[in-house]
Amino acid sequence: LRTDLLAAVDAAPGLDALDAVRVHALGKQGAITALLKTLGGMSPDERQVEGPRIQGLREAVSDAIAARKQALEQSALDARLSSETIDLTLPVDLTPPGSVHPVSQVMDELAEIFADLGFAVATGPEIEDDWHNFTALNIPETHPARAMHDTFYLAGQHERPMVLRTHTSPVQIRTMMAQKPPIRIIAPGRVYRSDSDATHTPMFHQIEGLVIDKGITLAHLKWTLETFLKAFFERDDIVLRLRPSYFPFTEPSAEVDVGYTLRGGKRVIGGSGDDTDGGWMEVLGSGMVHPKVIAACGLDPEEWQGFAFGTGVDRLAMLKYGMDDLRAFFDGDLRWLRHYGFGA
Ligand code: PHE
């Protein structure tokens, strides 16, 4: 029996077969179990001899089963390891490739359009001191515009109060302080205001424009805006309306509306807003740079004049691509990007 059982254990081709051998030998109805039961009917002398023999058999068989089990598991593992090796020479699947975000796309388009008009790109810090963000822009400490901007202030002690810049206009100041006129720059970037709904997010994007030279007038401003909006919306029938407005850092100031036409219930940029199926949409703030701002940067306002404008990049993207919720820009939802033709 011993040789038969040990041979069967060694011959078991897999874990299931091995378990069958175990049941056959050690189970309730097993051969060794049956032998153990015979001990009860033996005389004490017989039992002294047979007891250790049967126990020895039982131990030998269960040890053999345990050893065989380990060997089978090991070879199963070896087989898996060799069949599942990773072929590092296989080419990697590169999908999904990702794509340019609409905001980046629009910033790139604007940089290109303005480059053709001779504008360089300037940048400034997003954590700004309140002198650059407000004071130098003719917004003194007591000015209501500070409250209007829903400013994020940085906690802690600083030499000057620090804010998250509320607009890109401080780049006007940094540029005028850093380089001599003539100046022609645009400054695209992130700005921050404590505000959130379908058309406002606490972080959004602006693009600033600044020209400082001699003999600059409102006509230069209007031509520049018209030329850029025509190029951006890829239409020749762009009509602008300049409405008198107020910004502390420009004088005179103008808010710029662009005409749209209703086509099948949708607003399409182009045409006069005064047409029967038209309307006006505000797209920009602008004006002639205030003499106090020019002076704050150490330039003589008698000698140098200029214009400035600022607009929301996200807003321009919404208008160009027909998007209606600003918050979706920053949700990172690939379905939204694909819906508007961005992303693979
Ligand atoms: N900084 C203004 C704003 O954020 C826009 C602006 C820029 C207006 C330059 C005039 C000139 O609303």
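Author: Helices (H or I, at least four residues) and strands (E, at least two) are DSSP runs, numbered from the N terminus. This is a predicted model, in which local features need pLDDT of at least 70 and side-chain atom pairs count only at pLDDT 80 or more, while totals for chains, interfaces and linings use all residues. Residues are numbered from 1 along each chain as its sequence is written, and side-chain values use heavy atoms, with hydrogens and water left out.

Reader: Which elements each supply at least two residues of the lining of the second largest pocket?

Author: They are α5, β4 (183–192) and β5 (203–213). The lining comprises six nonpolar, six polar and three charged residues; Ala, Val, Leu, Ile, Met, Phe, Trp, Tyr, Cys and Pro count as nonpolar, Asp, Glu, Lys and Arg as charged, and the others, Gly among them, as polar.

Reader: How are two packed helices described?

Author: One gives the angle between their axes and the distance between the axes. Axes are lines fitted to C-alpha atoms, for helices over the stretch in contact, and angles run from 0 to 180 degrees between N-to-C directions. Helix α5 (residues 102–116) packs with helix α9 (residues 218–233) at about 130°, their axes 10 Å apart. That makes α5 oblique to α9, for angles under 35 degrees count as roughly parallel, over 145 as roughly antiparallel, 65 to 115 as roughly perpendicular and the rest as oblique.

Reader: What angle do α2 and α4 form?

Author: Helix α2 (residues 15–26) and helix α4 (residues 44–83) pack at about 170°, with axes 10 Å apart. They are therefore roughly antiparallel to each other. Their contact has seven nonpolar, one polar and five charged residues.
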